[in-house]
Amino acid sequence: MNANPSRPVTARLATATAWSGTLAFWTGGLVRRRAGRLLATVAGIALAVSLVAALGSFLTASQSTMTQRAVRSVAVDWQVEVQPGADAASVLHTVQSMPGVRAAIPVGFARSNGFKAVSGGSTQTTGPGVVLGLPNGYQELFPQTIRHLTGASSGVLLAQQTASNLHVAPGDAVSIALPGAPRAQVRVAGVIDLPQADSLFQKVGAPPQSQPAAPPDNVILLPAGLFRTLTAPVAAADPAALTTQIHVARDARLPADPAAAFTAVTGAAHHLEAAGSGGALVGDNLGAALDAARQDALYAQILFLFLGVPGAVLAAALTAAVAGAGAERRRREQAVLRVRGLRSRQIAALAGIEVALTGLAGGLLGIGVAALVGQLAFGTASFGASVGSAAVWFAAALALGVIVAAIAILAPALRDLRAVTVARARQQVGRRTRSPWWMRCGLDFLLLAASLLVFRASSGNQYALVLAPEGVASISVSYWAFLGPGLLWAGSALLLWRLATLALAHPRRGLVRLSQPLTGPLAGMTAATMTRRRRTLARSVVLLALALSFAMSTATFNATYKQQAEVDARLTNGADVTITEPPGARTGPSAASSLAVPGVRHVEPLQHRFAYVGSDLQDLYGVRPTTITTATSLQDAYFSGGTARQLMATLAHRPDALLVSAETVKDFQLSPGDTVRLRIQDARTKALRTVPFHYAGIVKEFPTAPKDSFFVANASYIAKATGSDAVGAFLVDTGGTHQKQVATALRRRLGTTATVTDLTQTRSTVGSSLTSVDLSGLTRIELAYAIVLAAGAGGIVLALGLAERRRTFAIATVLGATRRQLRGLVLSEAVVLTAAGLAGGALSGWVLSQMLVKVLTGVFDPPPETIAVPWAYVTATVLVALAAVAAAALNGVRRSHRPAVEELREL
């Protein structure tokens, strides 16, 4: 009675035990007999996992760095202006009680009618200026606001430009004219510079387009007690001339993402304004800095997608190709398992074991590689990101590894279980005469056509990849622009597959001639073998081409980015070293000879004036057309209507020629040759004088010029028309070396009479926070992985394909093939793979590079005239790919020399 019920349980236990034994036996067999393919699959998965983990962690760290840099770049986080009628003490108390406020102190602003000083027997007078009253401890709380140049660091401090205008130094007396108050005389204790004068003297609450074009020229800083004494009569006579601001330093913890930090800061500012009940208006300098950083952070995400995702996809495709190299063997194994009674579910479970082995092993290995790369390249395994953020990316990358393994191994196994019979699976796969469905419907041509259409639309003049309205919390990306490069990548891969398949299928005579020197009498058989295996060879060609294309496009983008960052710095600074004269200075071009300190090759004077065209005031630059290029570089992309050389020759040949901005040409409907009458101040009468010019071309960018409208003309013509050859700046050429040392020597020689800047200093201040994060960190990862992908695509796939053909080599040996002929058979395939892969990769890489640079124009400032190709890296990548193919071929040759009987017995 008890035996019967126990029999099913016993049977189930026996079945489970047998199945467990089968699983263990199968796993052991995989490790022993298929170790090479398993390791190759694990390597491919590890490559994809490590690339995603590394790039994701780097992206998160970059965004955090952007936020930190934006915060550090701000001298005063908030400038809270006390509104008329409000009590300053009450507003100060409200500000100090706000969460996240570390310090808040009042600063007085007073409008002055002008300053006067007597120096060297002559009286110097300035125009209107601003007087600031700073409380004790201000410079300790806001150290970036004031930079000391000479004299004491406290007391009455005079701005450098004001000191130059009044010809005074520490110890001299200056009188201040305030509305409704008698002139007050103070003694200068020190001369200072205001690095962030634009934000310090902003019009609080005004939109960007309504802000002052420039900070005030004349500024004096007074201790708070002296300020209150001097401005006491002003409060009664002209209350509008006095303003009180509360300068705020915040210490609130901000999110790592600049967009989230921007939202938090602007929300806190709005909360303060609401709490102040109309008595406080916030000038959010911190929010403005984060507003710019959030756009750069979004560009970093775009670069991650453009440059990182293709690498991960390529690594996954390489893994699928590695797993697919044993597809024929896997089908035969499935047939044997079916014959021996295993059900489809059990066979799928066996495939799942391989997925688990390769997915988890490859994922863990990839995470380890990513951590090692981070430690070696960035000094931390998390790439600078927080532990939590890095853990999230590592976990996501591990999940990706398992998914890649499932797609590469489990999905084909399940498909074969459903579609392939036992009899068919036991057959040796022969010719497939029918083309794939995508080839019959022309999917490759459709993808390329769609890519061209998207590219044309996304590279138009009015197109913006990133839309970040200033001051608006929302930010958007035109993600459909990603379709252009994405469709090009996919379409070029399928087109190359088509061309490789057609080339291997039809012109058999060409293949015979190609393999004749290597295989001799077996040339026909070699050509027939390659024709029969054309789909496998085409896949290898496409993988190699995509790997080279990925490497070339990434390296080219990086090199172009570096090139344009240097161009941007040179445009902003003007030359290796630039000496800027203060407004009103009468320094002539002859002073260039006194600037020839050691290391200087040439000094070029550059005039800087202002001119009215209609009612519009614009900058006017006077150049010496024949010598300007000896101190700075002028690219053809800076101009329209002629090359840089042609337009400079026009200015030299016709002194009254004028280069105008495109906006001015459009606004005033100018045509080449039109007369443009500018009103420029005459140095002799101080009145505006109308000077005729003739429109000769468009200037888009020019050294030291602003981003908006300006003019460029012949310096001698301007000097003759205005009666002054005064120079606005001197451009110093050092040959691209020792800029910092030359700048230091010039500062010692000139003192406070002029401002000296050098290219190394400008590189760290211009551009976006994306530049500050250093894109080379991203591309160092990309370029290293690209080389590994090229080696894998060229070598591993070929090696596994040759390993799967050991039976063919053994049979050929039995039929009398010599070692030389077998070696030629292997090398013929390697030559075809290499030649086709290199040609396809070079062409697709060049086209993709052009498209990437064009679509990502917003990253470049200014847009590049030509793309920069890093030939050294491209050559190294090609050599690594060739070495991998050669190693795989030589290994195949070595294996083909094994005794045929031994080889057939193992198979």
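Analyst: Two residues are in contact when heavy atoms of theirs lie within 4.5 Å of each other. With that in hand, consider Thr 834, which has its place in helix α28, in a model that is predicted. Setting aside neighbours up to four places away in sequence, Thr 834 is in contact with Leu 544, Leu 882 and Val 885. Its relative accessibility is 13%, and Thr 834 therefore counts as buried, the cut-off for that class being under 20%.

The next step is to pass from this residue to the helix that holds it. Two packed helices are described by the angle between their axes and the distance between those axes. Helix α19 covers residues 534-573, and its axis comes within 6 Å of the axis of α28. The two axes cross at roughly 35 degrees, and the crossing is right-handed. In the contact of α19 with α28, 15 residues are nonpolar, 12 are polar and one is charged.

Helix α16 runs over residues 483-505 and helix α28 over residues 819-855. Here the axes come within 11 Å and cross at roughly 155 degrees. Because angles over 145 degrees count as roughly antiparallel, α16 is roughly antiparallel to α28. This crossing, too, is right-handed. On the side of α16, the contact is made by Gly 484, Pro 485, Leu 488, Trp 489, Ser 492, Leu 496 and Leu 504. On the side of α28, it is made by Val 832, Gly 840, Ser 844, Val 847, Leu 848, Met 851 and Leu 852. Sorted by kind, the residues of this contact comprise 10 nonpolar, four polar and no charged ones. An α-helix has 3.6 residues a turn, so residues three or four places apart point the same way.

Helix α2 (residues 35-72) and helix α11 (residues 344-378) have axes that come within 6 Å and cross at roughly 45 degrees. This angle makes α2 oblique to α11, and the crossing is right-handed. Among the residues of α2 in this contact are Leu 38, Val 42, Ile 45 and Phe 58. Those they meet in α11 include Glu 354, Gly 359, Leu 365 and Phe 378. The contact of α2 with α11 divides into 14 nonpolar residues, seven polar and one charged.

Helix α22 spans residues 715-722 and is mostly covered, with six of its eight residues buried. These buried residues are Ala 715, Tyr 717, Ile 718, Ala 719, Ala 721 and Thr 722. They pack against the strands β17, β18, β21, β22 and β23. After α22 comes Gly 723, whose phi is positive, near 80 degrees.

Leu 651, in helix α20 (residues 644-653), is likewise buried, with a relative accessible area of 0%. Beyond four places in sequence, Leu 651 touches Val 623, Pro 625, Ala 657, Leu 658, Leu 659, Val 712, Ala 713 and Asn 714. Leu 651 and Val 623 lie 28 residues apart in sequence, and their C-alpha atoms are 8.9 Å apart in space.

His 167 sits in the loop between α5 and β8, and its phi is near 60 degrees, a positive value in a residue other than glycine. At a relative accessibility of 48%, His 167 counts as partly exposed. Ser 277 lies in the loop between α8 and β13; its phi is positive as well, about 55 degrees, although it is not a glycine. With a relative accessible area of 67%, Ser 277 is exposed.

Finally, the whole chain gives the setting. Of its 907 residues, 49% count as buried, and its secondary structure comes to 30 helices and 25 strands. Among contacts with a separation of 6 or more, 80% join residues 24 or more positions apart. As to confidence, the average pLDDT is 81, and 86% of the residues score at least 70.

How values were computed:
Residues are numbered from 1 along each chain as its sequence is written. This is a predicted model: local features need pLDDT of at least 70, side-chain atom pairs count only at pLDDT 80 or more; totals for chains, interfaces and linings use all residues. Side-chain values use heavy atoms; hydrogens and water are left out. pLDDT is the predictor's confidence in each residue, from 0 to 100. Axes are lines fitted to C-alpha atoms, for helices over the stretch in contact, and angles run from 0 to 180 degrees between N-to-C directions. Helices (H or I, at least four residues) and strands (E, at least two) are DSSP runs, numbered from the N terminus. Angles under 35 degrees count as roughly parallel, over 145 as roughly antiparallel, 65 to 115 as roughly perpendicular and the rest as oblique. A crossing is left-handed if the near helix is turned anticlockwise from the far one by less than a right angle, and right-handed if clockwise. Ala, Val, Leu, Ile, Met, Phe, Trp, Tyr, Cys and Pro count as nonpolar, Asp, Glu, Lys and Arg as charged, and the others, Gly among them, as polar. Buried means under 20% relative accessible area, exposed over 50%, partly exposed in between (1.4 Å probe, protein chains only).
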